[in-house]
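Hi,

Here is the model I promised to pass on. Have a look, and my notes follow below.

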Amino acid sequence: MHISTAEQIKLDIKEHRLKNGLRLILAEDHSSPIISFQVWYNVGSRNERPGITGISHLFEHMMFKGSKNVEPEEHGRIIQQNGGTDNAFTAKDMTAYFENLPGSQLELAVRLEADRMAHLRLTTDTLASERQVVKEERRMRVDNSLVGKLSEALYSTAFISHPYRWPVIGWMSDIDSISLEDCKAFYRSHYAPNNATVILLGDIDFQKTISIVEKHFGNIPPAELVDEVIPIENIQQQERQKDLFVDASFPWLAVAYHIPEAAHDDIPVLELIGNILTGGRSSRLYRRVIYEDQSALSVFASVDNNKAPGLFVITVNSIKQGHTLEEVTSVVNESLERLKTEMVTERELEKAINQKETSLVFGLQTNFARGMRIGFSLARTGDPLGFIKKLENYRHATAEDIQEVAKKYFTPENRTTIRLLPKEKWYL
Amino acid sequence: MKYRKSTLDSGLRVIMVEHHELPIVAIELLVKTGSVHESREEPGLAHIVTQLLREGTHTKRSLEISESIDFIGGSLGVDCGYDSSSVMTTALVKHFETILDLLSEVARFPVFNAKDIEIHRDKTITTILREKDNKTSIAGRHFSEMLYGEHPYAHPPIGTMKGLKAISRDKIIRFHKTHYLPNNSILTVVGDINYEKTLAEIRETFGGWKKGTVPEQTLLPVPEIDGYKIRIVNKPDLTQTEIRLGNMGIARDDPDYFALMLLNHIFGRGPASRLYTKVRSEKGLTYGASSGFATRKLRGPFYVRTYSKNETAIETLLLVLDELKKLKSGGVTEEELESAKSFYVGHYPLSIETPAQIASKIIVQEFYGLPENYIDKYLDNVMAVSMEDIDGAIKRVLDPENLVITLVSKSEDILEGAKALGEVELKEL
């Protein structure tokens with residue numbers, strides 16, 4: 001039945017490793033004279049500890065504050081002058097820096113990234129100013145945002161010992177107390193060629209590219225990587241719930257279950273469940289909540305793909321007047337119960353698979369997007385092309401698998417429910 | 001850049017971009033009617049019409065429409081802007097006929113059931129109420145209202161509570177009938193297609209769509225601002241103040257478009273800009289500071305957006321005002337202009353990497369009635385901008401003495417500071 005679209009997708013990657021441990025993943029595409037250059041560091045908030053939560057992200061900001069041959073903020077300016085754009089992001093499992101630019105400027109991007117991997121300038125002044133910027137970012141993303149508050153409450157309730165319990169941006173008090181020494185130590189232990197992967201896509205020549213990367217990164221000494229002991233999350237034994245009273249017009253709800261790490265075989269099945277529940281307007285929960293009950297503005301299931309075990313989350317946004325949180329909570333819980341007692345139909349399963357396949361193909365349109373997929377896949381599962389291979393897992397999933405997986409994870413004792421409750425109807 | 005244009009007998013403009021890298025296709029039908037074409041009594045009419053398109057047609061119920069698009073893993077969406085409305089669909093190219101038919105069906109034959117109208121009226125009203133939980137949305141709505149007064153650009157296309165309550169089924173049906181016409185629309189198909197075959201399929205699917213009379217649309221002129229017009233919207237739980245300020249900018253077909261695009265790049269776009277450098281990099285007052293020209297059919301706003309904790313919000317505002325004044329009096333340097341040009345020239349291939357990006361450039365040219373050679377001349381136009389052009393554009397468009405300033409905050413934290421700038425209007429949510 002399935003015509004294999006995946007087989008039409010050409011994503012040939014080539015790999016190389018420098019002597020200092022720097023890994024290179026290259027994909028040539030000569031359809032346009034442009035490239036995406038990305039440096040992925042194998043460090044994120046999962047490598048932090050209480051007291052310095054948020055350091056990976058604050059440190060990412062410091063990477064723009066100048067290195068031996070580059071003035072503070074000059075990195076972005078040079079890239080722009082040459083027609084490129086650049087940015088970076090920090091997540092739970094990784095930190096990535098990227099430049100999208102004309103192919104002719106490859107060496108420029110390589111030189112700039114190598115300079116800050118090897119010779120970052122870390123000063124009291126730039127740290128003081130960037131600390132304020134990051135605090136404003138936290139105020140914007142978390143303290144003054146319902147989405148941010150909900151997510152922070154969810155992860156800090158569902159996780160007790162694993163670092164996923166704090167937000168990537170960190171606790172405000174920790175952002176305040178991270179010292180220059182903390183930053184220097186963090187730089188020494190995590191920013192090294194043997195803890196990074198260069199992903200380079202677009203209008204490049206394999207051999208020439210390797211020699212350019214070798215020229216600029218080749219002399220950077222590897223770091224002695226220590227085996228970090230990251231606390232393991234114990235299996236949740238009983239249901240957890242937390243209510244947050246906030247200034248909001250409508251209540252919100254998040255219902256979450258612990259699920260395994262990205263490389264686990266159950267993840268593709270859980271993703272299909274996510275689609276069956278909320279993928280498109282014909283999906284089960286969308287139809288029920290938005291059309292039949294008309295009880296909320298949106299409902300969405302998300303499935304964490306993390307290096308360590310994460311969460312399956314159903315979020316219901318803005319529960320309308322005349323409806324209650326209890327009513328919506330039982331609708332969500334019943335939809336999960338139903339997966340355990342009744343098989344999903346062949347058509348529903350096929351629809352979910354088709355959705356996964358299409359979204360994969362649409363996600364490959366730019367060099368940058370392809371690089372992102374490769375980088376995430378590598379950081380989370382160890383396999384740069386795992387996201388394409390996953391298509392086979394989707395295709396082989398059966399209605400029985402869905403039922404088994406639902407039974408395994410959607411249990412009351414594995415559940416965490418977070419509710420945002422309006423303090424008062426202040427908008428009236 | 002490879003593309004084809006064609007016009008059907010019905011007046012429907014067709015744009016096709018052939019791109020074979022991936023087996024995908026995207027189709028958009030743009031109708032040249034948006035919220036600006038609503039009467040004053042019914043803000044939200046154009047928007048609710050778009051929302052209702054996919055809720056059922058003469059031959060397909062709402063659920064059937066959703067089921068058929070979801071099953072193939074495709075997408076079907078609608079959008080309503082100030083000047084135009086769109087129906088967009090995407091899928092793997094093997095489903096091209098299915099999505100072309102669906103798009104034609106929902107755009108041309110919606111039934112507008114009374115029940116669906118009520119569902120969407122309620123949903124839209126709830127969405128507008130929810131804006132009050134988000135300082136960015138609050139700032140956006142108040143800023144537009146202060147800048148545009150009675151003009152339809154004064155509210156976002158989603159409309160107003162009052163307007164939504166007033167919309168009747170008859171008005172919805174009439175609005176659709178009057179504006180959704182082939183000679184008022186542009187159909188764009190991009191992706192893994194073949195021109196001749198695609199055009200033939202479009203002719204077959206849209207062949208029966210009859211030309212109509214597109215109503216003469218006289219649009220209200222936009223108002224003038226005199227001095228500082230300051231408003232604080234009080235949201236007592238905020239610890240960070242949302243700052244939005246600006247004045248009337250330009251329409252998309254303005255002759256100074258390229259000069260102002262470069263000027264804005266220098267002033268407030270990206271990490272090398274003056275605003276970012278001053279407010280974020282040097283002072284650490286914010287995470288984001290940017291400016292822009294929202295260019296539309298008529299003059300859209302020139303705006304600056306930033307935010308800072310309440311304690312430093314006024315300091316941040318003063319810094320932005322100071323940068324604007326410096327720009328007005330001192331202009332830009334040749335070095336800044338050259339650097340902005342080299343960004344646009346170098347960046348050009350990155351801005352046409354996907355067929356959708358290519359199509360959006362062609363749609364802009366068509367929709368705003370820009371010269372046929374607009375795309376071919378794009379980089380020439382960038383390179384041709386002189387220091388004199390920039391000075392002239394600054395003189396004509398930037399007006400730092402006459403501005404709308406919107407602050408969303410816990411008012412008691414910033415009221416005194418704001419008053420030093422002039423009269424302040426205090427609004428509760």
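How many residue pairs are in polar contact across the interface of chain A and chain B? The rule finds 29, both residues at pLDDT 80 or more, where a polar contact is a pair of N or O atoms within 3.5 Å; within protein, one must be able to donate a hydrogen and the other to accept it, and residues adjacent in sequence count only if both atoms are side-chain atoms.

Before the rest, some housekeeping: this is a predicted model, with local features needing pLDDT of at least 70 and side-chain atom pairs pLDDT 80 or more, while totals for chains, interfaces and linings use all residues. Residues are numbered from 1 along each chain as written, chains are lettered from A and ligands numbered from 1 in written order, and side-chain values use heavy atoms, without hydrogens or water.

Back to the interface: 68 residues of chain A are in contact with 62 of chain B (heavy atoms within 4.5 Å). On the chain A side, helix 4 (124–143) gives the largest share, ten residues; helices are DSSP runs of H or I, at least four residues, and strands are runs of E, at least two, numbered from the N terminus.

There are also six salt bridges between the chains (a side-chain nitrogen of Lys or Arg within 4 Å of a carboxyl oxygen of Asp or Glu). E67(B) and K351(A) meet in a salt bridge at 2.8 Å, N to O. Helix 12 (346–362) of chain A supplies at least two residues to the side touching chain B.

Cheers
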